[in-house]
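Have a look at the model first.

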Amino acid sequence: VLFGWPLALLPIHIVFLELIIDPACTIVFEGEADEEGSMRRPPRDLDEPLLGGRSLLLGLVQGLAVLVAAVSLFGWALAASAMSN
């Protein structure tokens, strides 16, 4: 939308992706082995944040890198498609 390109996914595509992603995540997370001693570890301090600044920054950088890669690939595919027509 920002670049005037056609939509990559329509709402129905997103629904179908969710129908695949949600059960797959459930299977993967339920199949993961428990961390040793997790029930004997004391709980997190109430004043401690769930996500530290380092974790938040790392997630933001990774997300931006994936976004740039996906938009670049989509733009390249559109340009290649336009050149072949």
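A salt bridge here takes a side-chain nitrogen of Lys or Arg within 4 Å of a carboxyl oxygen of Asp or Glu. Keep in mind that this is a predicted model.

Q: What makes the contact between Glu35 and Arg41 a salt bridge?
A: The closest N and O atoms of Glu35 and Arg41 are 2.8 Å apart. The cut-off is 4 Å, so the pair qualifies.

Q: Why is Arg41 called partly exposed?
A: Partly exposed covers the range between under 20% (buried) and over 50% (exposed). Arg41 has 47% relative accessibility, so partly exposed is the label it gets.

Q: How do you know that Arg40 and Glu36 form a salt bridge?
A: Their N to O distance is 3.8 Å, and the limit is 4 Å, so this one counts too. Both residues are exposed. The structure holds 2 salt bridges.

Q: What makes the lining of the largest pocket nonpolar?
A: The lining divides into 10 nonpolar residues, with no polar and no charged ones. Val1, Trp5, Pro6 and Phe74 are among them. The pocket itself has a volume of about 220 Å³.

Terms used. Residues are numbered from 1 along each chain as its sequence is written. This is a predicted model: local features need pLDDT of at least 70, side-chain atom pairs count only at pLDDT 80 or more; totals for chains, interfaces and linings use all residues. Side-chain values use heavy atoms; hydrogens and water are left out. Buried means under 20% relative accessible area, exposed over 50%, partly exposed in between (1.4 Å probe, protein chains only). On a 1 Å grid over the protein atoms alone, a cavity is a set of points where a 1.4 Å probe fits but cannot get out, and a pocket is an open set with protein on both sides within 12 Å along at least five of seven lines; lining residues have an atom within 4 Å of a point. Grid points are joined across faces, edges and corners, and a volume is the space filled by probe spheres set on the points. Ala, Val, Leu, Ile, Met, Phe, Trp, Tyr, Cys and Pro count as nonpolar, Asp, Glu, Lys and Arg as charged, and the others, Gly among them, as polar.
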